Amino acid sequence: MSAKRGTHEQPYGGPLSDGLSSLVAAAHELKAPLALVRQLSLTLEAGELSPDEKQRMLRQISLTSERALRLTSDLTRSARLEDAMFALEPINPHQLCEDIVHELTPLFVAHGRNVRLMPRKHPLLLVANRDLLRRIIMNFSDNALHYANDDSVVEIQIRALNAGQIIRLGVRDYGPALSTDMWKTLQTKLVVAPQPVHARPQSSGLGLYIASQFADAMNGTIGVIRHHDGATFYVDLHASRQLSWL
Amino acid sequence: MKKYSVLIVEDDAWLAEQQVRVLTKAGYKATISPHPIAAIKAIDTIHPDAIVLDVLLTGSTAFALLHELQSYGDTGSIPVILCTNLAGELSLDDLAPYGVRRILDKTTMLPDDVVAAVRSVL
């Protein structure tokens with residue numbers, strides 16, 4: 001993989017087998033949405049809010065709960081990966097990403113941001129499990145939503161690499177860059193031992209750990225590219241040869 | 001009566017909005033910075049009377065900001081209230097030299113606790 005000028009690219013180092021770490025990370029990740037839902041609920045209980053404020057807070061509670069539920073659902077799915085059979089099939093990533101953009105747009109708009117799928121001229125097919133791939137992109141998008149600057153657009157990108165043998169689905173956010181020190185720490189961690197990608201300091205890396213497990217189950221890999229104005233989290237999967245038969 | 005200014009450094013936009021709501025209702029002028037870099041700029045502009053600071057933030061942690069604040073005489077005296085999910089892992093005694101005057105636990109606090117904390121440090 002070639003790194004662009006002004007960017008740094010780091011593939012994910014591998015799955016983490018420490019169940020306790022995952023459990024602690026899950027608890028940590030769920031604290032934030034639960035704490036927010038509790039604060040909003042207590043404020044609603046106290047009353048003295050305008051109808052518009054009430055409506056807005058109820059919407060925030062719904063959307064925050066949905067994000068937390070996505071994480072718990074991913075955790076459950078992740079824990080059952082070894083037992084389950086996952087059908088890999090040719091998938092049109094553009095169509096899948098369009099569906100994801102459609103589903104996530106209300107959440108992004110509620111946060112004053114937007115999400116869009118970058119257009120492509122030529123159709124691509126990749127080999128994946130639809131459900132797992134969808135979860136990975138949703139996960140990256142949730143991550144990007146948190147780190148993107150106000151009023152910015154999160155972009156979902158689809159690219160062909162290695163003469164079309166690999167298809168990369170990336171989620172690009174425009175937000176604060178990682179400091180050089182943090183990036184070095186991340187690289188050291190990835191080289192020394194397999195660990196979740198702590199690409200951003202407040203993240204336990206759980207979401208990325210789960211995404212890496214899902215990618216691994218589809219013979220793919222995840223990684224991150226550091227930009228001067230944000231980051232791209234990506235999954236690389238094998239291209240389907242179906243189109244070449246036509 | 002002086003209207004005190006409070007800077008909220010919080011990267012969860014909706015939680016920040018919630019804190020602005022309760023502080024504004026209590027008569028404070030509240031401003032949000034989503035990360036430490038924005039906070040440093042905001043501190044220079046609005047000269048807050050108190051800072052409500054999350055610990056795990058985008059770009060760098062609260063501790064980088066605390067160090068920065070302590071580097072200057074004027075900012076070093078601004079009282080800081082940490083508002084975090086990691087309250088159980090932090091000690092007020094350890095953080096007092098960095099200007100931290102209160103620690104609020106996001107998982108157990110009541111909405112008005114942030115008002116009480118701000119009032120207690122001003």
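**View 1. Where domain 1 meets domain 2 in chain A.** Eleven residues of domain 1 of chain A contact 13 residues of domain 2 of chain A. On the domain 1 side, the elements that give two or more residues are α3 (93-110), α4 (130-147) and α6 (206-217) of chain A. By class, that side of domain 1 has five nonpolar, four polar and two charged residues. The domain assignment gives domain 1 in two segments, 8-14 and 88-245. Domain 2 covers 26-78. The model shown here and in the other views is predicted.

**View 2. The contact between chain A and chain B.** Chain A brings 17 residues to the contact, and chain B brings 18. On the chain A side, helix α1 (residues 19-46) gives the most, with eight residues. The chain A side has eight nonpolar residues. Seven polar and two charged residues make up the rest of that side.

**View 3. The largest nonpolar core.** This core has 42 residues. Leu133(A), Ile136(A), Ile137(A) and Ala211(A) have the most contacts inside the core. Helices and strands of chain A both contribute. The helices that give two or more residues are α3, α4 and α6. The strands that do so are β4 (126-128), β5 (153-161), β6 (166-174), β7 (221-227) and β8 (230-238). The largest share comes from α4(A), with nine residues.

**View 4. Around Ala211(A).** Which residues does Ala211(A) contact, leaving aside its neighbours within four places in sequence? They are Ile136(A), Asn139(A), Phe140(A) and Ile222(A). Ala211(A) and Ile136(A) are both among the residues with the most contacts inside the 42-residue core.

View 5. A core of 37 residues lies apart from the largest one. Among its residues is Leu36(A). Chain B is represented by residues including Ala16(B), Val22(B) and Ala117(B).

View 6. Gln70(B) lies in helix α3 of chain B, which spans residues 62-70. Is Gln70(B) buried, exposed or partly exposed? It has 15 other C-beta atoms within 10 Å. A buried residue needs 20 or more, and an exposed one has 12 or fewer, so a residue in between counts as partly exposed. Gln70(B) is therefore partly exposed. Not counting residues up to four places away in sequence, Gln70(B) touches Gly76(B), Tyr98(B) and Gly99(B). Ile40(B) is 30 residues from Gln70(B) along the chain. The C-alpha atoms of this pair are separated by 12 Å.

Definitions and conventions. Residues are numbered from 1 along each chain as its sequence is written. Chains are lettered from A and ligands numbered from 1 in the order in which they are written. This is a predicted model: local features need pLDDT of at least 70, side-chain atom pairs count only at pLDDT 80 or more; totals for chains, interfaces and linings use all residues. Domain bounds come from an automatic or database domain assignment. Two residues are in contact if their C-beta atoms, placed from the backbone, lie within 7 Å. Helices (H or I, at least four residues) and strands (E, at least two) are DSSP runs, numbered from the N terminus. Ala, Val, Leu, Ile, Met, Phe, Trp, Tyr, Cys and Pro count as nonpolar, Asp, Glu, Lys and Arg as charged, and the others, Gly among them, as polar. A nonpolar core is a set of buried Ala, Val, Leu, Ile, Met, Phe, Trp, Tyr and Cys residues joined through C-beta atoms within 7 Å.
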